[in-house]
Amino acid sequence: VRALTLGLPKGDCFGFLGINGAGKTSSLNILTGAQLPTSGDAWLGGKNILTNQKDVRRLIGYCPQHDALLSRLTVREHLRLFGRIKGVKADLETFVQEMMTNLDLKSHEHKLASTLSGGNKRKLGVGIALMGSPQLVFLDEPSTGVDPGARRFMWDIISRLSTHRKECTVVLTTHNMEEAEALCSSIGIMVGGRLRCIGSNQRLKAKFGQGYQLELKLGEPTEQEKAQMCTERQLPAVISSLQEIANLCGMLGDPQRAALVVDGCEEGYLVYSALRQAGQVTAEQFAAWWLSETSARALDSTLQQSFGDKVQLLERHERSFRFRITTGGGDSELSLADVFEQLEDQVRASVAIEEYGLSQASLEQVFNQFAAQQEEETGGVRGMEANNLPVMVQGHAQLAVQQVPMAQQIQAFNAV
């Protein structure tokens with residue numbers, strides 16, 4: 001964790017995002033006193049975590065990443081124990097009953113913690129963290145392994161405590177973007193131990209989302225269009241080889257299109273799969289592929305004319321496409337109205353489109369953009385070479401795993 005600086009007001013639910021190894025859990029361990037920082041200070045509820053740890057621990061509730069439960073205690077006993085530890089004296093039983101009901105643990109109240117499923121253990125961990133109505137709640141991936149119904153119950157509880165009642169501040173780490181969007185009033189993305197951005201969900205998408213996402217599906221060629229092409233171009237009834245496909249593409253004026261009919265190429269998948277599975281391609285199948293590819297190229301040309309270098313193809317599957325349209329900046333910045341105007345007036349007038357949708361970039365896309373910048377924990381082990389990983393054999397020379405066949409390695413081990 002490097003130079004982490006932020007402040008959270010009461011009633012805020014802060015989402016801590018980052019890939020594994022980014023430093024989220026380490027930050028929570030420092031704030032809860034499980035680890036000591038090498039430098040810097042932090043204050044929770046106005047109390048210093050280094051000099052007032054005993055007071056700080058009275059303010060916080062913590063659900064760690066790994067279940068910290070007592071295997072020989074039941075669900076009810078856990079909640080009663082931690083309720084007393086946190087100073088809940090009046091109406092303890094009422095508080096315990098309410099927590100079990102809210103987390104859907106009522107049917108498991110007399111079960112030992114060791115017999116609970118992984119999801120119920122996580123729910124119990126969240127319940128323990130919330131006992132005593134702490135001012136600060138740290139939840140480290142609380143919904144991992146929890147079924148969707150129980151996850152909604154958990155979200156409702158967290159939302160009521162923080163954003164609705166303003167009773168406490170919640171710091172939540174998660175890999176679930178839907179959870180972050182549903183709960184968090186502010187979000188921070190951590191990369192390599194540094195907090196790279198912070199703000200509301202909408203602000204992060206507007207600032208780092210790189211414009212709009214266009215999802216579009218081209219119309220399927222009609223039976224009349226396919227029959228007309230078969231008749232006018234005199235297509236053979238059956239095409240049984242790649243050479244025949246190449247000859248047809250040359251006859252139709254685009255010999256380069258035959259290069260698309262290969263394994264792994266999305267543009268030629270329709271013809272290649274038919275040829276591979278049935279051993280032949282009918283004239284109707286070839287016509288449908290040709291007309292679809294012609295529409296796809298017309299779409300690409302029209303988008304380039306309308307948006308220039310601001311449009312980029314991200315993904316394609318048969319007739320479905322996903323593009324990124326960057327908004328630009330300054331006087332040439334594209335508004336949402338500008339993009340819709342171009343799509344309606346230019347693109348739909350030139351290409352048969354079955355449906356399309358235009359949206360702002362999602363939080364997941366923003367997260368992936370930052371996650372790709374992390375270099376920590378992505379390389380090999382220090383001192384090891386990627387192409388020459390040694391294996392020590394007693395009494396023998398080292399073997400290079402990637403250079404010596406497995407059979408020879410087994411013989412060498414058996415000889416020892």
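Which residues of E1 are buried on one side, and which on the other?

1. Cys13, Gly15 and Leu17 are buried on one side of E1, and Phe14 and Phe16 on the other, so that both faces are covered. Buried here means under 20% relative accessible area, with exposed over 50% and partly exposed in between (1.4 Å probe, protein chains only).

2. This is a predicted model, in which local features need pLDDT of at least 70, side-chain atom pairs count only at pLDDT 80 or more, and totals for chains, interfaces and linings use all residues. Residues are numbered from 1 along each chain as its sequence is written, and side-chain values use heavy atoms, leaving out hydrogens and water.

3. Strand E1 spans residues 13-17; five of the five are buried, so the strand is largely enclosed by the rest of the structure. Strands (E, at least two residues) and helices (H or I, at least four) are DSSP runs, numbered from the N terminus.

4. E1 pairs with strand E6 (residues 169-173) in the parallel sense over four bridges; pairing requires at least two DSSP bridges between two strands. Within E6, Val171 is the bridge partner of Phe14.

5. E1 also pairs with strand E7 (residues 186-191), in the parallel sense and over four bridges. Here Ile189 is the bridge partner of Leu17.

6. In helix H11 (residues 269-278), Leu270, Val271 and Ala274 meet Gln285, Ala288 and Trp289 of H12, contact being heavy atoms within 4.5 Å. The residues of this contact comprise five nonpolar, one polar and no charged (nonpolar: Ala, Val, Leu, Ile, Met, Phe, Trp, Tyr, Cys and Pro; charged: Asp, Glu, Lys and Arg; polar: the others, Gly among them).
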